[in-house]
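Take a look at the sequence and the structure below. Keep both in view while you read.

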Number of protein chains: 2
Amino acid sequence: MKLAKRVKEMRESEIRKFMEVSIRPGMISFAGGLPSPHSFPIKEIERLSIKVLKNEGTMALQYGATEGVREFRRTIAKRMNKKLKIKCKEENVLITTGSQQVLDLVTKIFVDPRDLVVVEVPTYIGALCSFRNYQSKFLTVGMDSEGMKVDELESKLREMNKKKRERIKFIYSIPNFHNPKGITLSMERRKHLLEISKKYQIPILEDDPYIELRYRGKTLPTMKSMDKEGLVIYTSTFSKILSPGLRLGWVVADGELIKKLSMAKQGTDLSTNVFSQYIANEYIKTGLVDKHIPKIRKMYKKREEVMLESLEEYFPDGCEWTKPDGGMFLWVTLPKKINTKKMFNEAIKRKVAYIHGAAFCVDGSGYNEMRLNFSNQDENNIREGIKRLGNLIKKKL
Amino acid sequence: MKLAKRVKEMRESEIRKFMEVSIRPGMISFAGGLPSPHSFPIKEIERLSIKVLKNEGTMALQYGATEGVREFRRTIAKRMNKKLKIKCKEENVLITTGSQQVLDLVTKIFVDPRDLVVVEVPTYIGALCSFRNYQSKFLTVGMDSEGMKVDELESKLREMNKKKRERIKFIYSIPNFHNPKGITLSMERRKHLLEISKKYQIPILEDDPYIELRYRGKTLPTMKSMDKEGLVIYTSTFSKILSPGLRLGWVVADGELIKKLSMAKQGTDLSTNVFSQYIANEYIKTGLVDKHIPKIRKMYKKREEVMLESLEEYFPDGCEWTKPDGGMFLWVTLPKKINTKKMFNEAIKRKVAYIHGAAFCVDGSGYNEMRLNFSNQDENNIREGIKRLGNLIKKKL
């Protein structure tokens, strides 16, 4: 029995073992990337499930088209046009098994072994998993308070020879309330990134799961809405605005690309869960989504505020953190002498968990950093957890 | 924008365009591989959905473990032990987004470009899609009334040099009520295939979606239940005994392989739909599954009988067909002068559809054959459809 070469490059998501620890009883975990279970509209999902099964049961339980339920694709296209000014039609939308599957399918159709994907440092670990599954290599770009350092990317591209540059298959970007950094890509940088994409004809994979979770300030235009070249592949998810357990995401892209992605999806899982698609379609069409999201926003905004206040109160001088305008995460930089991976076991003893920064960094950096999730603990736990963590850090200094 | 090499080898499932035609109004379609919508326990699914959301809503809507909901994996393991005498525990079970995903994940962890997969001729088209997505090449083996010609496989393996043989990554087999042939692999052949697998250390991917749809005769032991080497990877699905729209399948394999498959799944779609897992778990645990399957069997058995009678009555001399003991399909061989792909448009004009045989054959054979599905039309339609098709064939002779 001999496995494929790619298996050697696959990794267990490094954070899984930390996750396991972090769900022990009594633990205050800032580790996961979980929405609050209180954010799930359970009653509404129950009502919609009954409605769907009563009215369209035989369709909702049957095999569905690989591209997604037609009516649902239309609903999403309409919402993308209306909410985000992304010009698209049904044929530009593919429904997927979570947006994680978009990362898989995009890599599947773009990446040959040793091709390059541009990733931010730090970046979403699940994306690295998808990219590595196809033996991608990485071209890394740093981040600052405006998001990806697009200048750095540009100079790296300029210095490369053409042949190597052609092996860059796409630029992976999380523009809003970045996971793990919490940063939002500035308007200027969005435009600059689009220019680079156009100049070098490198597609952008715009991963935008948190866009509806903005707590202050104005929503910036998505890169997809400014894309005139068909070079932006936009993906988002129902995981943060309805339920992650339903595993529903979507991708908006050029029609020809959608055909290729659908072709790849066919052999991958035939189609996305049809029952869930019907439920989510109703969730949007009945207007429930727009009634529900403000409630989630309100809950998470408060939690973020409490976390920021607690950081101020309990973390010692020399620590810095981002102050995200939305999303679920913030990013803490500790004094250089602290190694967050090494400190983890001590944190666990004090019943508080986080993810160490290096897990998100493909270039070996991030050792004195950590990601904190603020969506999945209530306000009291956030205060108490940050206090425990702050005390531990003080002890280490 | 440059796509990966594998995209050139991907194919739209050849039958998709035929499927599209086959759902036109008034069409009697034997083309699809759909269960009857009357086989879905809609009321029960409604009840279970409500129960799950009421009792375990926050769990069922949250992110789940990549391997599957623990309780559900246990339930499946227990059922595999009890029903099929497959010795396995929770850690040998991975829950997947349909069994199609098993085909994808197994190929993902085994196949490098130009590696070989052993496939029957004909075989399931969706499997060919999964294999081609990873640039598999095929080693083909013919079939007769006892299923895969294992002797033929053995002599092909014997004639190969060691180096080439080592590029064979697995043997793909659909032992019960084969799609598309309807044939069941005989006991002797099962044993022989296991011997070959052991001798050459080539795993068997045992794809067994129809095992519970047996209409006559005794269930033969699965190869997995006879596997002493951990070389059999067994997969099955809820698509035929509950609902395909819920996209639920599973794989039973050696624990180390399950770990590798889970690792691959993580970057593929994070986890299977959690809500559906809870529903299906209840479906088994409450005993509903064992009350419901006999109803499906009864419905399909009658439909198959009507199709066999109608073939006798309306098809001219010189036509042959398989007489499956279960499943959803049978396979018709027409006189050599008829090309079923060319005849398709005429069939459509007469409002009857099928899938031409060549679509299932990677070696270019099957041109005078066709697959007929008998699960998705009622008895009157089956009679009428077979009559239309018989008349057309008579006209062509």
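This report goes through domains, chain contact, strands, and a few single residues.

## A predicted model with two domains

This is a predicted model. Chain A has an assignment into two parts: domain 1 covers 6–41 + 291–396, and domain 2 covers 63–289. The C-alpha centres of domain 1 and domain 2 of chain A are 25 Å apart.

How many residues of each domain take part in the contact between domain 1 and domain 2 of chain A? There are 37 residues from domain 1 and 37 residues from domain 2. On the domain 1 side, helix 1 (6–9), helix 13 (288–314) and strand 12 (329–333) of chain A each give two or more residues. Helix 13 of chain A gives the largest share, with 8 residues. By residue type, the domain 1 side that touches domain 2 of chain A has 17 nonpolar, 9 polar and 11 charged residues.

## Where the two chains meet

Chain A and chain B are in contact too. Each of them puts 60 residues into this contact. Five helices of chain A supply at least two residues each to the side that touches chain B: helix 3 (42–60), helix 5 (98–110), helix 6 (125–133), helix 11 (255–269) and helix 12 (274–285).

Which helix of chain A gives the largest share of the side that touches chain B? Helix 3 of chain A does, with 9 residues. The side of chain A that touches chain B divides into 27 nonpolar, 21 polar and 12 charged residues.

## Strand 7 of chain A

Now go to strand 7 of chain A, residues 168–173. Is strand 7 of chain A buried or exposed? Of its 6 residues, 6 are buried, so strand 7 of chain A is largely enclosed by the rest of the structure. The cut-off behind this is a count: a residue is buried if 20 or more other C-beta atoms lie within 10 Å of its own.

Strand 7 of chain A has strand partners. Strand 3 (residues 116–120) of chain A pairs with strand 7 in the parallel sense, over 3 bridges. Here Leu116(A) has Ile168(A) as its bridge partner.

## A sheet in chain B

Strands of a sheet pair through backbone hydrogen bonds, either parallel or antiparallel. Chain B has an open sheet of 7 strands with mixed pairing, in the order 2-10-9-8-7-3-4. Which strands of chain B are the edge strands? They are strand 2 (93–96) and strand 4 (137–141), and each pairs on one side only. From one strand to the next, the twist averages 20 degrees.

Strand 4 of chain B pairs with strand 3 (residues 116–120) of chain B. This pairing is parallel, over 5 bridges. In it, Val117(B) has Phe138(B) as its bridge partner.

## Cis bonds and positive phi

Most residues other than glycine have a negative phi, and most peptide bonds are trans. A few spots here go the other way. In chain A, a cis peptide bond joins Asn179(A) and Pro180(A), with omega about 15 degrees. Pro180(A) sits in the loop between strand 7 and helix 9 of chain A. In chain B, a cis peptide bond joins Val121(B) and Pro122(B), with omega about 0 degrees. Pro122(B) sits in the loop between strand 3 and helix 6 (125–133) of chain B.

Lys351(A) has a positive phi, near 60 degrees. The residue lies in the loop between helix 14 (340–349) and strand 13 (352–353) of chain A. Lys351(B) has a positive phi of about 65 degrees. Lys351(B) lies in the loop between helix 14 (340–349) and strand 13 (352–353) of chain B. Why does Lys351(B) count as partly exposed? Because it has 15 C-beta neighbours inside 10 Å.

## Glu379(A) and its neighbours

Glu379(A) lies in helix 15 (residues 379–396) of chain A. With 16 other C-beta atoms within 10 Å, Glu379(A) is partly exposed. Leaving out residues up to four places away in sequence, Glu379(A) touches Lys302(A), Arg303(A) and Val306(A). Glu305(A) is 74 residues away along the chain, yet the C-alpha atoms of Glu305(A) and Glu379(A) are separated by 9.2 Å.

How values were computed: Residues are numbered from 1 along each chain as its sequence is written. Chains are lettered from A and ligands numbered from 1 in the order in which they are written. This is a predicted model: local features need pLDDT of at least 70, side-chain atom pairs count only at pLDDT 80 or more; totals for chains, interfaces and linings use all residues. A residue is buried if 20 or more other C-beta atoms lie within 10 Å of its own, exposed if 12 or fewer, and partly exposed in between; C-beta atoms are placed from the backbone. Helices (H or I, at least four residues) and strands (E, at least two) are DSSP runs, numbered from the N terminus. Two strands pair if DSSP finds at least two bridges between them. Domain bounds come from an automatic or database domain assignment. Two residues are in contact if their C-beta atoms, placed from the backbone, lie within 7 Å. Ala, Val, Leu, Ile, Met, Phe, Trp, Tyr, Cys and Pro count as nonpolar, Asp, Glu, Lys and Arg as charged, and the others, Gly among them, as polar. Axes are lines fitted to C-alpha atoms, for helices over the stretch in contact, and angles run from 0 to 180 degrees between N-to-C directions.
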